[in-house]
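User: Can you walk me through the salt bridges in this one, and then the contact between the chains?
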Amino acid sequence: SGAVWARGLLSWARPERWLASGSLFPLSCIHTSTSLQKIGKWEKKNRIVYPPQLPGEPRRPAEIYHCRREIKYSNDKMWYLAKLIKGMSIDQALAQLEFSDKKGAKVIKEVLLEAQEMAVRKHNVEFKSNLHIAESQTGRGRYVKRMRCHGKGMFGMMKINRCHYFVKLVEGPPPPPEPPRTGFEQAKEYVQQLRNRTLVHTL
Amino acid sequence: VLVLVRSPLPWLRALLQRSWGRLERGLWPGVFGGQSSPWGPALAVQGPALVPQGINDAGESSGEAPSLLEGVVWMAAPKHRRTIEVNRCRRRNPSKLIEIKRNIDVCPECGNLKQKHVLCGYCYAKVKEETRLIRMEIQKKEGGPFNAPVVETVVLYEGEKPTEKDEGKRIIERARKRPSWFVQN
């Protein structure tokens, strides 16, 4: 009776029961967890395929998504480098990173070079300098808490920070920077707001 | 006012005793918020037992830790949590962002990037490597420490002969073509 009970308990675990009776999937198709674990969303963005463009449409610029995960660097510190890079052409970005003293600069430079290589080989980009950085972001990686020993038997808990870095390269020259808002423009907007006012709850 | 309070922690008890002693001696005028007669009829509150002066001295001499803790009470500490908006304003202020460098040029020799006031990294590495190989040749010739000759040294590459100017000098042979950046004489 124990064996029957065990068999009954494990019967729900048999995968054939989950599949619809009309499906033709063999058991070998079921995903098992590999060393790759989860493929992140940013990596999947390279897989989208657009329908062919119509003859009259302007050419859609190539977009290349690349990232590196679990970099041993702080998220906050990496953010400053990502902010520096945003909106630059790839050559300018590589120049700035080469002479930056930060640890993350070396990592980001490697990521950009890899992305440039990918663009030329796989994404049909003609000139490797004709790329600009449309988006560059950081994310927080898995933190680990560890003990940091001080004197007199005291200790504190420290976090070992890791981060991810995401970059999107787009073909074409970098877009011109937005001109700063002048006082005249702000005044014009204010006057326009005043003119837009209407009378409510009236005839 | 005369009710005994048995606090479990001896340092707390000593602290309360000392504070009470200060109150008694009028050394804390600001405590009652500036009332006219702090010792007039007032609400009876539980307080520590009045002790003679002897225990005060004993309390003070028993340890320095209570006096340190007295100082701790009036240390500066943040009163409210800084919100993420305030934190972001501080962290993302333009003065804290990395400035873009405008002193980057192209090296005319090798074409790599270099800063204007710094030697080109690639060219420097090239020269350093060649110097290392020359030094290895010198080491082979000398065969040990403290054997450096008194005369000058000249480095000759493949197919070069020593000239009249290199009469008394030590010659180091390098088995390669002369590099373009190593000008002879």
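Analyst: Start with a pair in chain A: the side chains of A:Glu110 and A:Arg68 form a salt bridge, with N to O at 3.1 Å. Keep in mind that this is a predicted model.

User: Where in the chain do A:Glu110 and A:Arg68 sit?
Analyst: A:Glu110 is in helix α5 (residues 103-122) of chain A and A:Arg68 is in strand β1 (residues 63-71) of chain A, so the bridge links distant parts of the chain, 42 residues apart.

User: What does A:Lys109 pair with?
Analyst: A:Lys109 meets A:Glu98 in a salt bridge, 3.5 Å from N to O. That pair also links distant parts of the chain, with A:Lys109 in helix α5 of chain A and A:Glu98 in helix α4 (residues 90-98) of chain A, eleven residues apart. A:Lys109 is partly exposed at 22%, and A:Glu98 is partly exposed at 36%.

User: And in chain B, which residue does B:Lys169 bridge to?
Analyst: B:Lys169 bridges to B:Asp166, with the closest N and O atoms 3.8 Å apart.

User: Is B:Asp166 buried or exposed?
Analyst: B:Asp166 is buried, because its relative accessible area is 6% and the cut-off for buried is under 20%. B:Lys169, at 26%, is partly exposed.

User: Which residues are linked in a network of salt bridges?
Analyst: A:Glu63, A:Glu135 and A:Lys168 are linked that way.

User: How many salt bridges over all chains?
Analyst: The search of the whole structure finds 17.

User: Which elements of chain A give two or more residues to the side that touches chain B?
Analyst: Those are α3 (75-85) and α4 of chain A. The largest share, five residues, comes from α3(A).

User: What classes of residue are on that side of chain A?
Analyst: Seven nonpolar, two polar and three charged.

User: What area is buried between chain A and chain B?
Analyst: About 1,100 Å², with carbon and sulfur atoms giving 68% of that. A:Tyr80, A:Gln96 and A:Phe99 supply 51% of the area that chain A buries against chain B, more than any other three residues.

User: And how many residues of each chain are in contact?
Analyst: Twelve residues of chain A are in contact with twelve of chain B.

Note on methods. Residues are numbered from 1 along each chain as its sequence is written. Chains are lettered from A and ligands numbered from 1 in the order in which they are written. This is a predicted model: local features need pLDDT of at least 70, side-chain atom pairs count only at pLDDT 80 or more; totals for chains, interfaces and linings use all residues. Side-chain values use heavy atoms; hydrogens and water are left out. A salt bridge is a side-chain nitrogen of Lys or Arg within 4 Å of a carboxyl oxygen of Asp or Glu. Helices (H or I, at least four residues) and strands (E, at least two) are DSSP runs, numbered from the N terminus. Buried means under 20% relative accessible area, exposed over 50%, partly exposed in between (1.4 Å probe, protein chains only). Contact means heavy atoms within 4.5 Å. Buried area is the accessible area (1.4 Å probe) that two parts lose on being put together, summed over both. Ala, Val, Leu, Ile, Met, Phe, Trp, Tyr, Cys and Pro count as nonpolar, Asp, Glu, Lys and Arg as charged, and the others, Gly among them, as polar.
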